[in-house]
Structure formats: C-alpha cells, structure tokens
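Reader: Could you take me through the aromatic pairs in this one, rings and planes included? I'd like a close look at that part alone.

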Amino acid sequence: MFPSNRTVWPVVMFLSLAAFLMILVLATVPAKAATPASGTVSDTSPTLTYTAGPYYAPNATDQAGNPVCTVPNSCDIFTLTVNAAAADQKSKQVTISIAWPNVVADFDLYVFNSSGTLLGVANNGSDPHTVTIPAVSGTYTVEADPFLPLGQSFVGTISLQPKPVGGKQGAGVPPRYLVYPAPNSAGGAAMSGEPSIGVDWNPNVASLKHDLVNQGGVAFFTSNLNEYRVSFNDCSSPASTLWEDVTSPVETVNTLDPIGFCDHFGASPGRVFQSQLAGATSLMAYSDDDGNTWTQSQGSGQPAGVDHQTVGAGPYNPSSTPPPPPHPLYSNAVYYCSQDSVTALCARSDDGGLTFGPGVPTYTLLDCGGAIHGHVKVAPDGTVYVPNASCGAHQIVAVSTDNGVTWTVRPIPDSQPGLGLVDPSVGIASDGTVYFGYQDQSGHPKIAVSHDRGVTWSKSYDVGGPFNIQNSTFPEVVAGDPQRAAFMFLGSPTGGNYEDPVNFNGIWHAYIATTYDGGQSYITVDATPTQPVQVGSICDLGTTGCSSNAVGGADRNMLDFMDLTIDSQGRVLGAFAAGCVAGSCDATSPPSASRSALGTIIRQSGGRRLLAAYDPIEPDVPGAPQGISALQYSNGVLVRWNPPDSGGAKITRYRILRGTASGKETLYAQVVGTKNFFLDTKAVPSNPKQYYYKIQAQNSQGISASCGELVEAPAPAPQTSCKLPGITVITDPTGDQTAAPANSQLDIQSISIAEPFTSTATPNQLTFTMKVANLTAPLQPNSAWTIFFTAPNGTEYFVDMNTNAAGGTVAFEYGHVSVSPTGGKLLNSDGAADPSSNYTADGTIQIVIADSLVGALQPTNKLVSIYGNTQLLVGAAGTGLLENADTTVNGSYILVGNQSCQ
C-alpha cells in the first residue's frame, strides 16, 4: 500500500485534500429563491438562465430517494414551461444545468413533469449537474436540493437544442475509463502541454509491483521538464495513485520540446527515456531502474532537426539488407527522429540510446511540405514507422524495413492533409497490423488499417459519428492483439474553424474509439463525460502562428499532441493536458475559463482490453469504492467516497458500514447508487464515540469488496465568502517555484477570494488573498505577485503587489490585459488598489478593489480563469528579462455580494 494523492476532476469526482477541508456552513440566513422563479424556452427563445441562493442549511433527505422539500427554503423550485413544435420531439432536447463556484459544495438536480413523475436526476457530486429531457411542450418542475451548499449560490441554464446526430457503434459492451489528474504535489505537471506516457511492463524495482499495485506495470508521465513515475493501486476503484518526481537532473533545464518513452519490447529492461529538445539535438537520459538513477545519452545523431523530436524503440529486422549490426549492449534498436525545415531525420542507436549513428532523411520537402510528423513506432518485425499529416494530397507513413537505413513514403490513399499542425499517429498490433489515426480537412477523426507495412490501406473509418464529432485534434493510436486497437482524440460536435478564438465556442472532450474486429467497426466513448477538456478554440498553428492570433496564443495551452499506450494486461492509458480543471469551467463557460494545461491520465477501468487474454469476465460486482473522508460536523459525520467502476452493471446502491473499533464495521445504512456521500446524523458531537466507516457498492451481480476504512475526524473551520480570507479557489504545491528553495517569497501556496460586509454605503468590494511561503524583510525588489481573472464581459483583469519602484517600494495595483503586437500579454495598470490592501511577513497578500473597477461586477457573476503568477527581474533594470517564478492552475468564483454578508 502507499498513500494516495487525489485531485479534482469530476469524471470520477476526485477531490483534493485541500478541498476536503471545506465544511458545512449552517446559518439562519434565509436562502434566496430562484430569480426569476419561472421561465419559458421555445424555438424562438431557446435559452434562459436563473440564479438562486446563497444556501447555507443542508438538506440530506435525498440519500435514500427523492428530496423532501416541505420545509421552507429547504429546496429551490423553478417552474419551466417548454413550448416546442411537434417536430422538435424527434430533433431536439431540453438540457437543464446548474453550476456553483465551490467544487466541494453539492446541489442535487431533479426534474419532474406536471404529474410529478421524475424525468431525470443528477446527484453524483459533480459540478455542474446536467439533466436532459425530451423536447415535449408542457410545464416542468426543476428542483435543486442543497445537499451540501456551503453558503453557495448557483446559476441555472436551460436550453432547447438540437439532439446530437449519432452514427453506428460497433457491437459489444463499450470499454470504461477513469480519469486521474496530476495532484498538487506534482507541481511540474500543472503545465503539461503535449505530455507523453509510457509503461514499464515489468518494473525493475521490486517495491513497484506487488499485490494490486501496478498489476500491468508502472507508468511514466513526461510533463514539460519533469518525469513522473505513477503507480496505480487497484485495491480501490478509482485506483489510488502515487506520483513521484523521478526527473533526471540534467533534464531540468529549459526545453524547446519534451518527449518521453518507455521500451517494453522483448528482453528490454523497461528502459525509460526522457528527452528535452535543445536545438538540433536534445538533452536525453535513460533509466534502467524506473527513474531511480539515470544515464546521460548523446541525445541524438547528427544531423538532426530542430523541432518535434520523438523517441522510439523495438526489435531489429533480422532479415534486412544490410543485416543489423551486432548489438550486444542492448537487444533493441532505439530511434531518435526530428524534423527540419526541408526534411525529417531519424538516427539509430545500437547501444540502447547511449550513442546514435548519423541522421538519415526519412522524407524530403519534395515528399512532404513541411508538416510535422508524429511519434516514431517500431513493429514486432522491426519495421519502423513515422507518420506525417501533409505530403502532397495525402497523409503518409515513412516506412523503413532495413532498420532505419532507408525510408519509403507510403500514402493513405483516401486521406487528405490535416488541418493546422496536427500529428497523425500509428498503432502497431502484435502481428504487425498498422492502424493510422488522423484528422483530415473535414476536421473529422478517421482511421485506416494496413496489413502489408503500409503498401495498401483499408477505407478510412470516421469514428466520430456516434457523437457527431465535427472537429477533432491530437489523434493518438495504440494497438495490442491483431484485431484490437484504440484511437484517442479531442473532439467537438461544433463545426466551423476551431482555430478561430473569436467565433468558435465548441466544447471539447476526450474520446476513445476501440476496434475489436480489425477496424471493421469501432466503439467510441466519451472518456471525460462530466467535464470539458477545453472550451472554445484550440490553436494548432504552431508557436508563431498562435502567438499572433486574437488571444495571443492563450488557446495553445495543449500545444501539439497527446499520447496513448497500453500496460502489460492490455489496459489503455492516455495522457492529455486538461484545459478545464475541476471548478474552472463548464459547458456554459467562456473560452478563457479553459486555459490550463494540467497533466492528466485516462486509464481503462473496465470492458474488453487490447490483449484478449486479460479480458475481465463481465458483468461483475463493482470495484471497491475509494474512500475520501469522514468529517465531523455539528449535524453529523459526512462520509465521502469516489464512485467506482460499475463492473459492467449499474450500481444500484452503496452500503455504509460503521463501527466503534477499527475493523469491526457492520452494515449501518444504504444510499441510492447515484450518491457518493452519506450524512450520519446520529454521529453528532454530543455523542462521544469514535466511529470507523467502510463503503461497499452493489449492482445486479452482487456486493463489492471494501478497501481501507475511514476514521471519523473533526472538520476544520468553515470557509465563507463573508469572512477573510474567503473561499480558497486555488491551491499550489509548496516549493515548486523556479530555483527552489531560493525565491521562497515567490512560491505561491493558495489564492482565496472574499466579499466581507463593510457597510451599506461602501461599494461592493472583492478581497483577493495570495498566500506565498514567506514575505520576511527585505522583499525581493523588481518582483510581482499577480492574480489574473476574467470577468463576464470577456476582459481579463489583474490585481498585483509589486516592488518595481525604486528602492523596492511596495505597490498594490489593478488593471486589464491586452495583446501586444507580437502576440504576448500586456499588463495595463488602471490605478492603485484600495488603501486597505496589505501584506504580512507570513506570506499573506491581500489586495482589495471595488467590483465596479473590473467589469462592473454583480452578485451571481462568475469570475473564470483565475490564476496566480509571480515574477522577478533577471538582469539589470531596463535591460533584464522578467522570469516566471511560479504559476498556478486555473480556478473560478461566483460572486455573492458584500451586502449578502451583513
């Protein structure tokens, strides 16, 4: 066993430790009912919004069924009228969504028809909650139960919209996935544009594989300058994870491109590679003990390209002409490929990546017009493949059958060049079958299959049909058994130019399409169904092209690619950068809310795998729920857990076991299968007993095991917008600043927002609090502590404390952000913050501004893309450069207004 690190992403509702420290706020302040209390959607007026709250008193009556709302203000009731044409019943649907600012809070959503029949429910703890009902004219009741309100208000959005037009799915039960965002402790993963992932199938460190830990091998996640070793403990579902930074010391310097790879072919020791592009070469190291120690590599052969390097390895082709050279030091060939302005070059290493031979052109400008290539892959027979998105009229693979000595360009005949600079991807099955996944001029995700090393190809298959995907990007493919392959991509059902940051408002999710019949059919699933990966545009025009667009490259947070692999038991694992972190955005958010790049892993939790020998027998009992906490409040103990994999059958209920001694729990209560928390109202502070809890899940196949126990613990002090420092919207790891442990004054730990009442005559004010490690005198001169946020008017604002003045005098300012002529950010000061702004030696910075100064904010307005940044001047004043010391992920906040706090 090992301690788990949990972070928030509502696909499986992971909740960070900091989030658990939010508690129930009980008050006598009456809740404000829905405003307006009713509304109508129709073909001519298809969208409406309403607000309600703040709510303080929880209503836990829906733990065993529908909520009881007879007590005044115990629920929010909104009356919805739908006026829809008869034809709308087939072509349209009504979508009802509620969202709130504090991700730990929870409002349960119920929709009833005029007869009182329940039509839909969303009560699983995620934010937002969404229910979809048929577009049938009538009157409906939208009921929001404040199960865990935490003093929050919520915003409701109701729309009459077209139904998605789905395509045909393949046969069989779809595979299932859970999502694992990098925890706060993995600070380097907060900026994970174009991550890589690999798995050492047989870990070389014995402690990395035991019991249910790393059954399929240990994973490696490459994020910018960091290499993380990620272990999965499948005692619980979701698995508990351990992210360990095992970065090679040499690879911690600045990089132009990161790439990681793990060789698990044949007799390989599970060699792990970490590479950072450094001009026409790279800084590369490898490890044979799963990152505990590293050996420095030559980095690349020469000549080499200056962009988009990739590393791959696999067997030699023993039948090639010329035959492979002797290679006694390592059983597999290691390839380093990169691109230049007129060609791409691949070099081979015969000593396991320690040194490389000369770079060999894989294609020339006459073959391929400068498009970027994808990741190099090696087949079991030694054939080497490098895909490219634009070579004349088609996308291609450059193929070498003689161990990288010569290369042949082989097109996919029915393909078109891709949009922007998007890598295609190849996955290679155990018999050498090649699956080529790509995005073409239509934006659709397509895949073709070859059984003869790319000489001929099947007709391309559009895997986005079931979700009406009109735009896709970042295709990644992996294969296992000859008939099995998986294709991951980001997709949106919104058509149009997805690189247009002004006009494109699509919502992106990560999808995985799987074939079990050699590419004749695919089963496509939304692997991130409850949280968008990105909202708005994604820029695929490269560094220069993106920096000159209307948002100055802010929509290039995901850079150029993702990655996909399998473990030794055939589970699919994907790596992507999440633009939306939990609570930062939802389907109604502006694009600016989704500009994070949080390193995230998707891992298969159920269904058929890519290696048939490891297919689970399903349906089966659910996985053992992963416990979160058991916190004592004034009205009981709140027990929380993460929903497990279902086992292939719907979870009907959760069983809560309770005892007064460790290991002595017995069945105490049951809740509906859509809830992932239970309020034990008999375990109140006046009851001095110490309680222990275990959680089990039940479906039609039986009852799950339990994994670990939760021990009752006192809840911490409440957080409320009405009391400083307010609601914590962001937490950031300690010690992750540039040059740590130096620059501790610039090490951000958290950002909070409050709106305490001052007087009825005082304009509404916001108090931003940034906590850094310390601010002991003297303060660093020429430094800035900045909090950015975007208001509903679409303008990005900032508040800051800085020491830019002569002598390092402290100043507090506010302003707005604009785009410079070169595409960068310009911070325009609009004046001094309120004189009450201050800082203390313990690292607390409080900046106060009037709401009217930053977009004329009003209660229920939502601030998005909230993040912190610290900078210092490196070099002489006037000639030096500002260097980022620490940057956080994004958060959001819904205003309650100072007057509501009186």
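Author: Here's a walk through the ring pairs. This is a predicted model, where local features need pLDDT of at least 70, side-chain atom pairs count only at pLDDT 80 or more, and totals for chains, interfaces and linings use all residues. Residues are numbered from 1 along each chain as its sequence is written, and side-chain values use heavy atoms, with hydrogens and water left out.

The structure has 27 aromatic pairs (rings of Phe, Tyr and Trp, the last by its six-membered ring, with centres within 6.5 Å; planes under 30 degrees apart are stacked, over 60 edge-to-face, the rest tilted). Take Phe436 and Trp457: their planes sit at 70 degrees with ring centres 6.0 Å apart, so this pair is edge-to-face. Phe436 belongs to strand 28 (residues 434-439) and Trp457 to the loop between strand 29 (445-450) and strand 30 (461-462), so the pair ties together parts 21 residues apart in sequence. Strands here are DSSP runs of E, at least two residues, numbered from the N terminus. Both Phe436 and Trp457 are buried, meaning under 20% relative accessible area with a 1.4 Å probe, protein chains only.

Now for a stacked one: Phe489 and Tyr511 have planes at 20 degrees and centres 5.7 Å apart, so they count as stacked. Phe489 is in strand 32 (residues 485-492) and Tyr511 in strand 33 (residues 507-515), so to speak distant parts of the chain, 22 residues apart, linked by the pair. Phe489 and Tyr511 are buried too.

Finally, Tyr50, Tyr55, Phe78, Phe107 and Phe154 make up one aromatic cluster.

Key: Helices (H or I, at least four residues) and strands (E, at least two) are DSSP runs, numbered from the N terminus. Buried means under 20% relative accessible area, exposed over 50%, partly exposed in between (1.4 Å probe, protein chains only).
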